[in-house]
Amino acid sequence: MKQDMIVILDLGSVGNSQLARDIRALGVYSEIHPHDISAAEIKALPNVKGIILNGGPNRTVDGKLVCVSEEIFDLPVPVASMNVPDAPCPEISPEGLREFVFSKCGCAANWNMENFISDQVEALRARIGGRKVLLALSGGVDSSVVAALLVKAIGDALVCVHVNHGLLRKGESEQVVRVFKDELNANLVYVDAVDRFLDKLAGVSDPEKKRKIIGAEFIRVFEDEARKLNDIEFLAQGTIYPDIVESGTKTAKIVKSHHNVGGLPDDLKFELVEPLKFLFKDEVRACGKALGLPDEMVFRQPFPGPGLGVRCLGAITRDRLEAVRESDAILREEFAAAGLAGSVWQYFTIVPDFKSVGVRDNARSFEWPVIIRAVNTVDAMTASVARIEWPLMEKITARIISEVKGVNRVCFDLTPKPTGTIEWE
Ligand code: XMP
């Protein structure tokens, strides 16, 4: 193992992620662990060079003030605390972090993607051996990076299943096949489930029902494929650090619970492989870049699990779904050409389930509108509307009304979140 590590023990701080990021910014790897981890468990972690107890407002559990096990202070590495006044170790301030990490703990600044990847490859090979791993490869950033990392580590022993549910953006499924099957030689099972999903969704207009159908059907398709494969022992997931940190350690408040491929039936018993579970999103992207994945895959904007299904409002029809897909492709192309792709947080189109009157070729038309949404946000909890220059909006409008079949009108959604959510359904 190449990287030194500082362990952060969570004593109810709300700033654990920030502290981990501050240490990583110094070039030193760090992990957050719960306050009740044992000294033996810390010893079993690779290359631990120092420990920081990170205190804060959530330090009481069931009315009792929590602290760490006494034995932790006997470990042969320096221990310091932040905001834990009663701890039997020196208290350090944020300014003292560098001094603690380098002078006191003797860490080397050896946290970088090359070392992370080589450590992970080594660890994955040791754990998995020649056994088989299954991965649901959606083509999103996290699953793509997991796939690339596992292909590097275990090659053919990784079986990727890509389910095309017909609700992906233009060219997305093709890109997954091109990058993973053709370029990286991954063992990829491509499942064309478009009809299966669209048939299930036919006539369903309630947004929550649509989401539930898409989620449940995804698991069913994935499960069907998994049953056809023999000897799978592991299931890989693109869980990343915020999923774990936000789901709450024992002292941290639960922000939201996360589900990945959760809900698989009990008779499919796999051990989980989650090689990105200690990386923040920007680090996942850097990892993907270092593994040679294309920029469009690594720097893509967030995309909801139910895909275009929640942007084709009401009961999904194939023609309106095509209108969403085509208008979205035009919007992305024009934003990229205008240099906005990396600066606007999320932008997409929506097609509602009503028509409006217009004129086309000197005759009355009765067609759908396309709604453009473009927002900026830090954490997706609140969002502001991106200010897009008129000439670009006019160009996009002109292209959509001339190139997208069945559309005669383009609108721009000016609503911040709140009151509007980012998605419409
Ligand atoms: P809302 O619409 O709630 O969206 O303001 C906030 C962010 O979450 C994305 N989103 C989803 N992401 N599965 C996901 O992985 C989902 O079901 C889902 N629904 C919304 C949305 O695109 C936005 O970035």
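# Close-up views of a predicted model with its ligand

View 1. An oxygen atom of the ligand and a polar backbone atom of Ile422 are 2.7 Å apart. Taken alone, the ligand exposes 490 Å², and the protein buries 67% of that area. As with everything shown in these views, this contact belongs to a predicted model.

**View 2. The shell of residues around the ligand.** Around the ligand stand Arg211, Pro302, Pro304, Gly305, Pro306, Trp345, Gln346, Ala380, Lys417, Thr421, Ile422 and Glu423. Sorted by class, this shell is made up of six nonpolar, three polar and three charged residues.

**View 3. Helix α12 and what covers it.** Helix α12 runs over residues 318-337, and its 20 residues reach 29 Å from the first C-alpha to the last, close to the 28 Å expected at 1.5 Å a residue. Its buried residues are Arg320, Leu321, Ala323, Val324, Arg325, Ser327, Asp328, Ala329, Ile330, Leu331, Glu334 and Phe335, a list that includes Arg320, Arg325, Asp328 and Glu334 as well as residues such as Leu321 and Phe335. What covers these buried residues includes the helices α7 (194-201) and α13 (390-403), together with the strands β12 (346-350), β14 (363-376) and β16 (407-412). Just after α12, the backbone at Gly339 takes a positive phi of about 75 degrees.

**View 4. Met393 in helix α13.** Met393 has its place in helix α13, one of the elements that cover the buried residues of α12. Because its relative accessible area is 8%, Met393 counts as buried. Not counting residues up to four places away in sequence, Met393 touches Ile388 and Phe412. Met393 and Leu331 are 62 residues apart in sequence, and their C-alpha atoms are 9.3 Å apart in space; Leu331 is itself among the buried residues of α12.

**View 5. Two asparagines with positive phi.** Most residues other than glycine have a negative phi. Asn83 has a positive phi of about 60 degrees although it is not a glycine, and its place is in the loop between β6 (79-82) and α3 (97-104). With a relative accessible area of 53%, Asn83 is exposed. Asn362 also has a positive phi, of about 65 degrees, and it too is not a glycine; this residue is found in the loop between β13 (356-360) and β14. Asn362 is exposed, with a relative accessible area of 85%.

View 6. Gln120 is located in helix α4, which covers residues 113-128. Its relative accessible area is 19%, so Gln120 counts as buried, and beyond four places in sequence it touches Leu149 and Pro275. Ser143 belongs to helix α5, residues 141-154, and at 9% relative accessibility it is buried. Leaving aside neighbours within four places in sequence, Ser143 is in contact with Leu135, Ala136, Leu137 and Ser138.

**View 7. Ala290 in helix α10.** Ala290 lies in helix α10, which spans residues 281-290, and at 48% relative accessibility it counts as partly exposed. Apart from residues up to four places away in sequence, Ala290 touches Met113 and Ile117. Ala290 and Ala386 are separated by 96 residues in sequence and by 31 Å in space, C-alpha to C-alpha.

Key
Residues are numbered from 1 along each chain as its sequence is written. This is a predicted model: local features need pLDDT of at least 70, side-chain atom pairs count only at pLDDT 80 or more; totals for chains, interfaces and linings use all residues. Side-chain values use heavy atoms; hydrogens and water are left out. Helices (H or I, at least four residues) and strands (E, at least two) are DSSP runs, numbered from the N terminus. The expected span of a helix is 1.5 Å times one less than its number of residues. Buried means under 20% relative accessible area, exposed over 50%, partly exposed in between (1.4 Å probe, protein chains only). Contact means heavy atoms within 4.5 Å. A residue is near a molecule or strand if one of its heavy atoms lies within 4 Å of it. A polar contact is a pair of N or O atoms within 3.5 Å; within protein, one must be able to donate a hydrogen and the other to accept it, and residues adjacent in sequence count only if both atoms are side-chain atoms. Accessible areas come from the Shrake-Rupley method with a 1.4 Å probe; for residues, only the protein chains shown count as cover. Ala, Val, Leu, Ile, Met, Phe, Trp, Tyr, Cys and Pro count as nonpolar, Asp, Glu, Lys and Arg as charged, and the others, Gly among them, as polar.
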